[in-house]
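Here is a short briefing on one protein chain. Keep the sequence and the 3D view open as you read.

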Amino acid sequence: AAFAFRDQMSYNQEVDAPYFATYDDRIAQVKALAGAEADLAAAKRKLSEATSAEKRAEGARKGNEKAVAKLKSRIEQAENSCFFSCCGGEAKVERLQAQLDAEEGKAGALVDSEGRLEEKLEVLTAEVRTAEELVARKAALVSESSSMFESAVQSHPSEKMLYLQRAAADCRANVDFEAANTAALENVGRMCVTARGAYLAAIRALDAAQSTNRGAQFNNVLGGRNGGLELMENIQQMKRNNLMQEAQAQAQRGGEILASALAQVPPPARERYPGLCQGLGDVYIPTLEQMGLGSAMMEVFGGDLMDAMAGMRAGQKIRHGLDALQRCEAVVAQQEGLLRALLEALRRDGNAAAAKLAGVQQELAAEKETIWEALREAVGAPPPKGEGGRRSYAVAQTQAEAHKAAATLQQAVRASKVAVPVATPVSNLSVAVPVGASPGDLITVQTPRGQYRVAVPPGVKEGARFEFALP
């Protein structure tokens with residue numbers, strides 16, 4: 001008799017013994033095609049090697065044809081030369097004819113070799129097509145068997161399965177949320193690096209301006225009104241002014257990038273870790289003093305004394321600008337340190353969310369397997385043949401995806417010093433925060449399974465207790 005179920009989740013699959021027989025047949029076919037992907041890869045590799053060999057053979061054949069044509073042309077030219085009889089033309093023709101005979105002797109073997117390789121290519125191409133068809137067939141069987149499995153268990157969900165599905169959806173949303181926050185903060189970090197680079201470029205520009213200004217002052221003292229040195233001094237003064245303006249532009253750019261970056265810090269990160277975010281947002285764009293019209297007039301029309309005074313004023317402005325820029329660069333370095341600490345905290349949260357999702361998905365897969373076997377028994381279907389028959393192929397895929405979910409944030413956490421948990425939590429331990437530890441710090445926890453490094457949760461103070469999910 002068929003085993004019909006209520007449509008509780010847009011599924012209403014009727015299952016009976018033939019249904020399970022069809023499923024078991026599909027799984028048996030999948031297992032028979034276990035090496036299809038490896039066979040396809042091997043066939044493609046052989047085809048690639050044969051294709052390369054055929055191209056080399058074709059090149060050799062064409063090279064031989066070209067050599068034959070060239071030798072025939074040279075023989076014809078030698079025979080028709082007006083110097084043929086007096087300059088050893090006959091001996092030359094004999095040598096060329098010998099070379100021509102040798103090349104023509106190779107032609108047949110080269111053509112045969114190319115023909116054999118072309119036939120081999122046809123065979124290997126057919127093998128690749130067959131292997132591709134088998135891989136596609138395997139994929140279709142996997143898809144069909146997975147669909148059959150899901151349709152059956154979703155048509156008769158247990159309360160535990162419904163609960164775990166909701167929990168998995170919540171965990172998945174939490175993983176995506178943490179991943180988005182982490183990605184946003186990583187982008188903020190990259191922008192801060194760019195801002196710091198702009199401040200450093202401004203510092204380099206002012207350093208160059210300082211050096212150029214000193215050179216101009218030296219030429220002023222050394223050359224007086226010497227025409228050549230005066231021209232060099234004027235060029236150095238213009239270069240100094242340009243460098244000071246460039247420094248201001250870079251400082252402006254750095255401040256704008258930094259302000260934009262800090263405005264993009266995710267609000268959840270600020271709410272969850274207010275202590276780490278307390279210093280984020282401090283941005284100072286310095287106004288660097290420039291050489292105005294009065295200083296320019298002094299340098300052009302004021303004589304050596306006025307030149308010296310303008311140079312000293314420029315040096316003072318450059319020193320003030322350097323001090324301001326160095327303070328700005330220190331602020332950016334401090335912001336980068338805060339961002340690194342905040343990013344590490346967010347990565348820990350992401351790791352925990354991914355581990356929880358993996359655990360829930362594994363529980364869900366096991367519950368689906370239980371429902372599947374109960375349905376099989378209820379309709380009187382025999383167990384599948386072969387070793388490990390009670391484990392459905394669809395559930396094996398689901399559990400593999402659960403492990404894959406735990407790696408969702410792997411790219412983001414590779415630089416983190418915290419290990420990524422991927423096992424299913426099966427029990428909790430109560431942990432006391434040791435003396436001197438604060439929220440976000442890593443502490444060592446001794447468990448029956450060994451030592452673990454655990455982050456102190458936000459809001460848990462020294463001496464308080466929190467629960468740790470033991471993998």
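Glutamate 114 sits in helix H3, which covers residues 89-155. The model is a predicted one. In it, glutamate 114 is buried, with a relative accessible area of 7%. The points below start from this residue and then move to other parts of the chain.

**Glutamate 114 and its surroundings**

- The side chain of glutamate 114 makes a polar contact with the side chain of arginine 61, at 2.8 Å.
- Leaving aside neighbours within four places in sequence, glutamate 114 is in contact with Glu54, Ala57, Glu58 and Arg61.
- Why does glutamate 114 count as buried? Its relative accessible area is 7%, and buried means under 20%.

**Glutamate 178, another buried glutamate**

- Glutamate 178 belongs to helix H4, residues 159-223.
- Glutamate 178 is buried, with a relative accessible area of 4%.
- Arginine 348 is 170 residues away from glutamate 178 along the chain, yet their C-alpha atoms are separated by 9.6 Å.
- Beyond its neighbours within four places in sequence, glutamate 178 is in contact with Arg272, Leu346, Asp349, Gly350 and Ala353.

**Alanine 67**

- Helix H2, residues 36-79, contains alanine 67.
- Is alanine 67 buried or partly exposed? Alanine 67 counts as partly exposed, at 24% relative accessibility.
- The C-alpha atoms of alanine 67 and glutamate 103 are 7.2 Å apart, while 36 residues separate the two along the chain.

**Salt bridges**

- Side chains of opposite charge can pair when their charged atoms come close.
- How many salt bridges does the structure hold? The structure holds 16 salt bridges.
- One of them joins the side chains of glutamate 37 and lysine 138, at 3.1 Å from N to O. Glutamate 37 lies in helix H2 and lysine 138 in helix H3, so this pair ties together parts that are 101 residues apart in sequence.
- Glutamate 37 is partly exposed, with a relative accessible area of 39%. Lysine 138 counts as buried, at 10%.
- Lysine 62 forms a salt bridge with glutamate 58, and their closest N and O atoms are 3.1 Å apart. The two residues are four apart in helix H2, so about one helical turn separates them.
- Lysine 62 counts as partly exposed at 44% relative accessibility. Glutamate 58 counts as partly exposed at 24%.
- Arginine 376 forms a salt bridge with glutamate 373, with the closest N and O atoms 3.7 Å apart. They are three residues apart in helix H9, residues 303-378, so about one helical turn lies between them.
- Both arginine 376 and glutamate 373 are buried. Salt bridges that share partners link Asp24, Glu373 and Arg376 into one network.

**Aromatic rings**

- The structure holds four aromatic pairs. In the pair of tyrosine 19 and phenylalanine 20, the ring centres are 6.2 Å apart and the planes are at 80°, so the pair is edge-to-face.
- Tyrosine 19 counts as buried, at 11% relative accessibility. Phenylalanine 20 counts as buried too, at 0%.
- Which residues form one aromatic cluster? Tyr19, Phe20, Tyr23, Phe149 and Trp372 do.

**A nonpolar patch on the surface**

- Leu231, Ile235 and Met238 form a nonpolar surface patch, and together they have about 310 Å² of accessible area.
- Isoleucine 235 is part of helix H5, residues 227-263.
- Isoleucine 235 is partly exposed, with a relative accessible area of 47%.

**The chain overall**

- The secondary structure comes to eleven helices and four strands.
- The chain has 471 residues, and 40% of them count as buried.
- Take the contacts between residues at least 6 apart in sequence. Of these, 77% join residues at least 24 apart.
- The chain exposes about 25900 Å², and carbon and sulfur atoms supply 55% of that area.

Terms used
Residues numbered from 1 in each chain as written. Predicted model: local features only at pLDDT ≥ 70, side-chain atom pairs only at ≥ 80, totals over all residues. Heavy atoms only, no water. Patch = residues over 30% accessible without salt bridge, like charges linked within 9 Å, V, L, I, M, F, W, Y side chains within 5 Å. Areas by Shrake-Rupley, 256 points an atom, 1.4 Å probe, with all protein chains shown as cover. Salt bridge = Lys/Arg side-chain N within 4 Å of Asp/Glu carboxyl O. Buried < 20%, exposed > 50% of the residue type's maximum accessible area, 1.4 Å probe, protein only. Polar contact = N/O pair within 3.5 Å; in protein donor to acceptor, adjacent residues only side chain to side chain. Contact = heavy atoms within 4.5 Å. Phe/Tyr/Trp six-rings, centres within 6.5 Å; stacked < 30°, edge-to-face > 60°.
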